[in-house]
Amino acid sequence: MRNIQAYGISEACARSATRRTALYEAIGKGELRAVKRGRRTLILADDLERWLENLPTAWNGKLE
């Protein structure tokens with residue numbers, strides 16, 4: 001099995017269940033690091049995982 005180290009934008013969207021716009025917004029805000037390989041924008045797997053882990057919690061376990 002191959003260990004994926006970087007994703008293209010489409011692959012990162014699929015992997016994170018996130019829209020392209022949301023990824024580009026996070027990149028623009030400096031929340032998600034992107035690198036360039038020629039014309040291609042890549043998201044390193046570790047950076048994508050770190051960004052996902054730092055997203056706000058959807059539910060804090062308390063009913064108000």
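Two strands count as paired if DSSP finds at least two bridges between them, and helices (H or I, at least four residues) and strands (E, at least two) are DSSP runs numbered from the N terminus. With that in hand, β1 and β3 (residues 40-44) are joined by 3 bridges and run antiparallel. This is a predicted model, in which local features need pLDDT of at least 70, side-chain atom pairs count only at pLDDT 80 or more, and totals for chains, interfaces and linings use all residues. Residues are numbered from 1 along each chain as its sequence is written, and side-chain values use heavy atoms, leaving out hydrogens and water.

**The sheet**
- An open sheet of 3 strands has the order β1-β3-β2, with antiparallel pairing.
- β1 (6-8) and β2 (35-37) are at the edges with a single partner strand each, so one side of each has no neighbour in the sheet.
- Y7 sits opposite I43 in β3.

**The helix pair**
- The axes of α1 and α2 come within 9 Å and cross at roughly 105 degrees (axes are lines fitted to C-alpha atoms, for helices over the stretch in contact, and angles run from 0 to 180 degrees between N-to-C directions).
- In contact terms (heavy atoms within 4.5 Å), I9, S10, A12, C13 and S16 of α1 meet R20, L23, Y24 and I27 of α2.

**The loop between them**
- A17 is found in the loop between α1 (9-16) and α2 (20-29).
- Although A17 is not a glycine, its phi is positive, at about 55 degrees.
- A17 is exposed, with a relative accessible area of 74% (exposed means over 50%, buried under 20%, partly exposed in between, with a 1.4 Å probe and protein chains only).
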